[in-house]
Amino acid sequence: KPQNIVDKDLNFVLGLIWRLILAKQIVVLSPDERTIGGDDRKIDSNAKRALLEWVQKRLTPYHIRVENFGAAWCDGTAFLALVHSFNPNLFDYRTI
């Protein structure tokens, strides 16, 4: 809902950003992979695996274990740690 953005609903905004990343950056046209976003684009499993490995390396100092792009992201902690890994001055991660 647009109101979630206006209301600065952090969980909604971060979830939206993550969906946009998945939908726009890690896609190929291939009938062998699974569909995302309800359209004809498919996730390239090799790109998804490479992204997951990159995320795991970025989150190692935060002691967060990420095994997938589903349940591991539900509470927003992994995403916030990922954002914090790029800009530690943006917010105090210890308060999360």
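Student: What conventions apply to the numbering and the atoms?

Tutor: Residues are numbered from 1 along each chain as its sequence is written, and side-chain values use heavy atoms, with hydrogens and water left out. Since the model is predicted, local features need pLDDT of at least 70 and side-chain atom pairs count only at pLDDT 80 or more, whereas totals for chains, interfaces and linings use all residues.

Student: How many helices and strands are there, and what makes a run of residues count as one or the other?

Tutor: Helices are DSSP runs of H or I with at least four residues, strands are runs of E with at least two, and both are numbered from the N terminus. On that basis the chain has 4 helices and 2 strands, arranged along the sequence in the pattern α-α-β-β-α-α.

Student: Why is Ser85 called buried?

Tutor: Buried means under 20% relative accessible area, exposed means over 50%, and partly exposed lies in between, with a 1.4 Å probe and protein chains only. Ser85, which is found in helix H4, has 18% relative accessibility and therefore counts as buried. Buried residues make up 28% of the 96 residues in the chain.

Student: Why is H4 described as largely enclosed by the rest of the structure?

Tutor: Of the 10 residues of H4, 7 are buried, so the helix is largely enclosed by the rest of the structure. The buried residues of H4 are Ala78, Phe79, Leu80, Ala81, Leu82, His84 and Ser85.

Student: Why is Arg58 called partly exposed, and which residues does Arg58 contact beyond its neighbours in sequence?

Tutor: The relative accessibility of Arg58 is 26%, so Arg58 counts as partly exposed. Arg58 lies in helix H3, residues 45-59. Contact means heavy atoms within 4.5 Å, and, leaving aside neighbours within four places in sequence, Arg58 is in contact with Leu82, Ser85 and Phe86. The C-alpha atoms of Arg58 and Phe86 are separated by 9.0 Å, although these residues are 28 apart along the chain. Ser85, with residues up to four places away in sequence not counted, touches Arg58 and Tyr62.

Student: What makes a set of residues a nonpolar core, and which members of the largest one touch the most others?

Tutor: A nonpolar core is a set of buried Ala, Val, Leu, Ile, Met, Phe, Trp, Tyr and Cys residues joined through side-chain atoms within 4.5 Å. The largest such core has 16 residues, of which Trp18, Val55, Leu59, Val66, Phe69 and Trp73 touch the most other members. Two or more residues come from each of helix H2 (10-25), H3 and helix H4 (77-86), and H4 gives the most, with 5 residues. Leaving aside neighbours within four places in sequence, Trp18 is in contact with Leu51, Phe69, Trp73 and Phe79. In soluble globular proteins, nonpolar side chains tend to be buried together.

Student: Why is Leu16 called partly exposed?

Tutor: Leu16, found in helix H2, has 34% relative accessibility, so Leu16 counts as partly exposed.
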